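Please look over the structure below.

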Amino acid sequence: AYEDRNREMESCKFSLGNDIRQLKKDLQPKEEEIARLQQDLVTLDFKFDACCKNNSSLQVSVAKLEGKLEGLRQALASQTQGMEGKATFIKRLEHDLQGLAYAAGRDVHTLKSS
């Protein structure tokens, strides 16, 4: 009975040994995949940090450009207002000149009639 029990245990030991070897074979590719994914994660983390720094730099550039744009808008508004004032002045001047020309023409006709 003792020898039968010993043989049975040896058989179980052999079977368990085979199961352990198979599990180790199954586990190795998964461990390699985990290592590769961890390396990918490090790479992506580095790229993410670089993108964050670049994003911050771009935000500063955008803020500067928005400031310049606002300055240009104000300058354009000022120039437009100045041009409108000049256009109004020119229209008044033309009106006054036409009035003078009309008055001068009337005076010439009045002089010729006399």
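The sections below take these topics in turn.

## Model and helix

The model is predicted. Helix α1 covers residues 2-113. S11 sits in helix α1, and L97 belongs to helix α1 as well.

How far apart are S11 and A104 in sequence and in space? In sequence, 93 residues separate S11 and A104. In space, their C-alpha atoms lie 134 Å apart.

## Cysteines

How many disulfides does the model hold? The count is zero. A disulfide needs two cysteine sulfur atoms within 2.5 Å. For C52, the closest cysteine sulfur belongs to C51. That sulfur is 7.2 Å away, so the pair is too far apart for a bond.

What of solvent exposure? C52 has a relative accessible area of 35%, so C52 is partly exposed. C12 has 42% relative accessibility, so C12 also counts as partly exposed. The partly exposed class runs between the buried limit, under 20%, and the exposed limit, over 50%.

## Serine 11

Is S11 buried, exposed or partly exposed? S11 counts as partly exposed because its relative accessibility is 46%. The residue is part of helix α1.

## Nonpolar surface patch

Which residues form the nonpolar patch on the surface? They are F89, I90, L93, L97 and L100. Together they have about 510 Å² of accessible area.

L97 is one of the patch residues. Its place is in helix α1. L97 has a relative accessible area of 47%, so L97 is partly exposed.

Conventions. Residues are numbered from 1 along each chain as its sequence is written. This is a predicted model: local features need pLDDT of at least 70, side-chain atom pairs count only at pLDDT 80 or more; totals for chains, interfaces and linings use all residues. Side-chain values use heavy atoms; hydrogens and water are left out. Buried means under 20% relative accessible area, exposed over 50%, partly exposed in between (1.4 Å probe, protein chains only). Helices (H or I, at least four residues) and strands (E, at least two) are DSSP runs, numbered from the N terminus. Patches are made of residues with over 30% relative accessible area and no salt bridge: like charges are joined within 9 Å, nonpolar side chains (Val, Leu, Ile, Met, Phe, Trp, Tyr) within 5 Å. Accessible areas come from the Shrake-Rupley method with a 1.4 Å probe; for residues, only the protein chains shown count as cover. A salt bridge is a side-chain nitrogen of Lys or Arg within 4 Å of a carboxyl oxygen of Asp or Glu.
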